[in-house]
Amino acid sequence: MNANAISSQRLKNLFRYEWAIDKRFYLLGTVGIFMISFGVFLTIWFNQYSGYVWKSTDYNSIFFGGFVFLSVFGISQSFIDLRDKSIAIRYLTLPASTTEKFLVQVCMRLVLPLIIYPMVFWIGANLSVDVYYFIQHSLLEKTALPEIGKVEVLYLYWIPNASIDIGYWILFGMIISLPVLMFMGGIVFGKWGFIAMPAAVAIFLLVMFGSFFGLSWLVDASAFGAGGNYSIRIDDPEVFDGVPLFILVCLILTWAAFFLPFVVTYLKLKEREV
């Protein structure tokens with residue numbers, strides 16, 4: 001079979017196989033996200049004071065924290081069938097091409113969680129508001145309560161536009177690269193991907209910024225000496241008007257971290273197939 005061949009029937013069978021084998025993982029994961037969201041916000045509401053105003057945009061930090069948690073502990077569980085030798089042989093010998101297996105994993109282990117998470121978060125957060133007011137009004141008969149606005153899904157997302165600063169594009173690229181990197185970690189590092197992948201990224205960043213400061217010290221050590229302010233200029237030289245070389249390099253590396261993991265993951269799966 002051609003490794004790049006794609007058949008709608010085989011894809012459908014692969015989706016059925018994935019659901020039949022790992023539906024407990026998906027169901028428990030969905031229920032777990034709901035329970036955590038509901039429990040966290042209900043705890044927050046009961047610790048707020050009268051007169052406090054909670055706006056829809058105030059949910060963003062917790063939403064992002066859950067996004068990181070989902071990426072590290074959920075999306076990192078990609079290609080879980082390859083972690084046990086006997087199951088791996090069964091999975092690799094399935095009548096499907098490498099591309100088809102890759103696409104199913106991308107859809108089920110990467111795209112699906114990122115679609116489900118905002119919806120479950122929205123349900124858990126808004127239900128916690130209703131439950132909180134019901135308990136306070138109907139059971140405890142309290143009237144002086146904080147003003148809590150419900151979450152709106154569109155407020156959870158921040159979408160950049162062409163007019164924003166290049167630094168925000170780096171930040172946006174780092175955010176969307178996180179789940180993709182963790183997805184790659186699932187096949188590269190196996191069951192320890194949720195630890196090894198963040199550690200690998202941290203080491204890479206340490207080496208990159210360490211080499212930058214080290215080379216800066218070799219060029220001009222005055223900022224690091226006695227009485228120095230340890231400040232390193234990153235605004236010179238400029239590649240384009242208002243775009244320093246260092247910032248451009250960071251931008252390229254950040255977006256490479258989004259696209260390259262797909263290639264690496266596919267090639268790693270192809271290697272396992274051989």
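A crossing of two helices is right-handed if the near helix is turned clockwise from the far one by less than a right angle. I wanted that in hand before opening the model, which is a predicted one.

**Entry 1: α1 and α2**

I started with the pair that sent me to the definition. The crossing of α1 and α2 is right-handed. Their axes come within 12 Å and cross at roughly 150°. Angles over 145 degrees count as roughly antiparallel, so α1 is roughly antiparallel to α2. Next I looked up who makes the contact: α1 brings Ile-33, Ile-36, Val-40, Phe-41 and Ile-44, and α2 brings Ile-62, Phe-69 and Leu-70. I sorted these by class and got eight nonpolar residues, no polar and no charged ones.

**Entry 2: the overall layout**

I stepped back to see the whole chain. I found eight helices and four strands in the protein chain. Read from the N terminus, the order of elements is α-β-α-α-α-β-α-α-α-β-β-α. The protein chain has 274 residues, and 36% of them count as buried. I also checked how far apart in sequence the contacts reach. Taking contacts between residues at least 6 apart in sequence, 73% join residues at least 24 apart.

**Entry 3: α1 and α4**

Which way does α1 lie relative to α4? Helix α1 covers residues 8-46, and its axis comes within 7 Å of that of α4, with a crossing of roughly 30°. Angles under 35 degrees count as roughly parallel, so α1 is roughly parallel to α4. The crossing of α1 and α4 is right-handed. By class, I noted 27 nonpolar, six polar and six charged residues in the contact of α1 with α4.

**Entry 4: α4 and α8**

I stayed with α4, residues 98-139, and turned to α8, residues 245-273. Their axes come within 10 Å and cross at roughly 130°. On the α4 side the contact is made by Thr-98, Thr-99, Lys-101, Phe-102, Val-106 and Leu-110. On the α8 side I listed Phe-262, Thr-265, Tyr-266, Leu-269, Lys-270 and Glu-273. By class, the contact of α4 with α8 has six nonpolar, three polar and three charged residues.

**Entry 5: Met-119**

While on α4 I picked out Met-119, which lies in that helix. Is Met-119 buried, partly exposed or exposed? Its relative accessible area is 46%, between the cut-offs of 20% and 50%, so Met-119 is partly exposed. I then looked at Met-119 and Val-153, 34 residues apart along the chain, and found their C-alpha atoms separated by 7.8 Å.

**Entry 6: the loop between α2 and α3**

Here I had two residues to look up. Phe-79 is found in the loop between α2 (60-73) and α3 (85-92). I stopped at its backbone: Phe-79 has a positive phi of about 50° although it is not a glycine. A reminder to myself: most residues other than glycine have a negative phi. Phe-79 has a relative accessible area of 2%, so it is buried.

Ser-76 lies in the loop between α2 and α3 as well. At 1% relative accessibility, Ser-76 counts as buried. What does Ser-76 touch, not counting residues up to four places away in sequence? I listed Ser-71, Arg-83, Met-182, Gly-186 and Phe-194.

**Entry 7: across to α6**

I followed the contact from Ser-76 to Gly-186. The place of Gly-186 is in helix α6, residues 166-188. With 3% relative accessibility, Gly-186 counts as buried. Leaving aside neighbours within four places in sequence, Gly-186 is in contact with Ser-76, Ser-78 and Arg-83.

**Entry 8: cysteines**

How many disulfides are there? I counted pairs of cysteine sulfur atoms within 2.5 Å, and the count comes to zero. I looked up Cys-107 and found it partly exposed, at 35% relative accessibility. Cys-250, at 12% relative accessibility, counts as buried.

Note on methods. Residues numbered from 1 in each chain as written. Predicted model: local features only at pLDDT ≥ 70, side-chain atom pairs only at ≥ 80, totals over all residues. Heavy atoms only, no water. Axes fitted to C-alpha atoms, helices over the stretch in contact; angles between N-to-C directions. Helix = DSSP H or I, 4+ residues; strand = E, 2+ residues; numbered from the N terminus. Contact = heavy atoms within 4.5 Å. Nonpolar A, V, L, I, M, F, W, Y, C, P; charged D, E, K, R; others polar. Parallel < 35°, antiparallel > 145°, perpendicular 65-115°, else oblique. Buried < 20%, exposed > 50% of the residue type's maximum accessible area, 1.4 Å probe, protein only.
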